[in-house]
Amino acid sequence: MSDLLEAIKARRAVRKYTDQAVEREKIDKVIEAGLYAANGKGQQAPYIIAITNQDLRERLSTLNREIGGWEPPFDPFYGAPVVLLVVVDEDYKNRVYDGSLVMGNMMLEASSLGLGSCWIHRARETMKSRLGQEILKLAGLTDKTYEGIAFCILGYPAEVPQAAPRREGRVRVIE
């Protein structure tokens, strides 16, 4: 079995993190993996906004919790210290597909570096909020209307769940 397939099988969604800070070099490698994701017609349309500022991260967590309908003190970012936000011009037809490929690459690279990651929803709703617009302004993305695809949270895992057995019967072969 290939090393890549083993890495894919080992990657899990992590929902419990330690307090250890993530080194900038590792964050940069995760982002680089996202930038090399396959994309429609070579457009390279997705942007990745790295949020390491803990005050902004807490504000995002609070908004995400409110959008999701949870009560405090629940943290929908599960204590992860880094949030990578993937956004794409809302007029770009392949935005969801291309942004999703960015997310997949970043999660695989995070796992290969010993980091935990998890895909977190509600980025679309977040970008329509005042805070979402503030983030776009801070990132210098004010030229278009951007849709949030997802949040990729990063941190050192406190625990990594085991893979569930794969459900049978999900492959159909037509010869």
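Start by selecting Tyr78, found in the loop between H3 and E2. Remember that this is a predicted model. Check the backbone of Tyr78: phi is near 55°, a positive value in a residue other than glycine. Tyr78 is partly exposed, with a relative accessible area of 27%.

Trp70 is partly exposed at 35% relative accessible area. Phe74 is partly exposed too, at 27%.

Next, select Pro72 and Pro73. A cis peptide bond joins them, with omega about 10°. Pro73 sits in the loop between helix H3 (54-68) and strand E2 (82-89).

How many aromatic pairs are in the whole structure? A search finds four. For one of them, select Tyr47 and Tyr146. This pair is edge-to-face, at 5.6 Å centre to centre and 85° between the planes. Tyr47 belongs to strand E1 and Tyr146 to strand E4 (residues 146-155), so the pair ties together parts 99 residues apart in sequence. Are these residues buried or exposed? Tyr146 is buried, because its relative accessible area of 4% is under 20%. Tyr47 is partly exposed, at 39%.

Last stop: Lys41. Find this residue in the loop between helix H2 (24-35) and strand E1 (47-51). Lys41 has a positive phi of about 55°, although it is not a glycine.

How values were computed:
Residues are numbered from 1 along each chain as its sequence is written. This is a predicted model: local features need pLDDT of at least 70, side-chain atom pairs count only at pLDDT 80 or more; totals for chains, interfaces and linings use all residues. Side-chain values use heavy atoms; hydrogens and water are left out. Helices (H or I, at least four residues) and strands (E, at least two) are DSSP runs, numbered from the N terminus. Buried means under 20% relative accessible area, exposed over 50%, partly exposed in between (1.4 Å probe, protein chains only). Rings of Phe, Tyr and Trp (its six-membered ring) pair if their centres lie within 6.5 Å; planes under 30 degrees apart count as stacked, over 60 as edge-to-face and the rest as tilted.
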